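Below are some notes on the model for you to read beside the sequence and the coordinates.

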Amino acid sequence: MNTTSSSNNVIISPRKLRSDLYSYSYQDDSNIPLVVNVLASLIERSMARNQRIIGKNGSSTSRCLSRSDLRTRIFDCHETPDMTIQSYLERIFRYTRAGPSVYVVAYVYIDRFCQTNPGFRISAQNVHRLLITTIMVASKYVEDMNYRNSYFARVGGLTTNELNKLEVEFLFLMGFKFHVNVSVFESYCCHLEREVSIGGGYHIEKTLRCAEEIKFSRQSEQGRFNQIARVML
């Protein structure tokens, strides 16, 4: 796999991505976080792999669908959107300004969703709805302030009612398991590096803002606990 961005052929080096994640500026609309390229590349690879599996095993419609499989069909589009995954993710970023760590957490959710619903396969018919839903939920988990669902819906090309239904179904299909601790966050950063970096073309630093905030929160809580303990003694 080529280690250049599919949209602008910019080589993604470890140093460049580290700098992007630590000192990212939101003032320049053209400055897309490099992790967006990594996520787009991984999703495209997953779709290609799923397509090969379907080609070998035949159409998935030939087998009996479980109740969970039928519920995941809510992510299927009647018409496949005429927009690449890279362009769609860039659009989401430009209009929501979700931080780089949001996309890592969204990838955690996508992986959990696929593990919890083994009959679900990412395809051209469901990938756009899955991405806007997972990024919106991840943004609510990571960021302190967020846009309304109606705004995310407009960004994703959906109605508010459609996105609300997708979110609710997604929450139940995930079993409401949305907590991402530091070790899980770091392990998925390693996974992203391992999956995408052929020849060291990509590198995702393990201590992104999300992990740092979690660590800081834990340290603050421990500090308050120790202070209370000293007062009580």
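**Notes on the model**

1. Cys 114 counts as partly exposed, because its relative accessibility is 22%, where buried means under 20% relative accessible area, exposed means over 50% and partly exposed lies in between, with a 1.4 Å probe and protein chains only. Cys 189, by contrast, has 0% relative accessibility and counts as buried. A search of the whole structure finds zero disulfides, a disulfide being a pair of cysteine sulfur atoms within 2.5 Å.

2. Please keep in mind that this is a predicted model, in which local features need pLDDT of at least 70 and side-chain atom pairs count only at pLDDT 80 or more, while totals for chains, interfaces and linings use all residues. Residues are numbered from 1 along each chain as its sequence is written, and side-chain values use heavy atoms, with hydrogens and water left out.

3. The largest nonpolar core has 53 residues, and those with the most contacts inside it are Leu 89, Tyr 103, Tyr 109 and Phe 170; such a core is a set of buried Ala, Val, Leu, Ile, Met, Phe, Trp, Tyr and Cys residues joined through side-chain atoms within 4.5 Å. Among the helices that each supply at least two residues of this core are H2 (34-57), H4 (85-96), H6 (127-142) and H8 (160-173), but H5 gives the most, with ten residues. Helices here are DSSP runs (H or I, at least four residues), numbered from the N terminus.

4. Leaving aside residues up to four places away in sequence, Phe 170 touches Phe 75, Tyr 109, Phe 113, Leu 130, Thr 133, Thr 134, Val 137 and Phe 178, where contact means heavy atoms within 4.5 Å.

5. There are ten aromatic pairs, counted when rings of Phe, Tyr and Trp (its six-membered ring) have centres within 6.5 Å, with planes under 30 degrees apart called stacked, over 60 edge-to-face and the rest tilted. Phe 75 and Phe 113 make an edge-to-face pair, at 5.6 Å centre to centre and 75° between the planes. Since Phe 75 lies in the loop between helix H3 (67-72) and H4 and Phe 113 in helix H5, this pair ties together parts that are 38 residues apart in sequence.

6. Phe 75 and Phe 170 also form an edge-to-face pair, with 6.4 Å centre to centre and 85° between the planes. This pair links distant parts of the chain, Phe 75 in the loop between H3 and H4 and Phe 170 in helix H8, 95 residues apart. Both Phe 75 and Phe 170 are buried.

7. Ring pairs join Phe 75, Tyr 109, Phe 113, Phe 120, Phe 170 and Phe 178 into a cluster.
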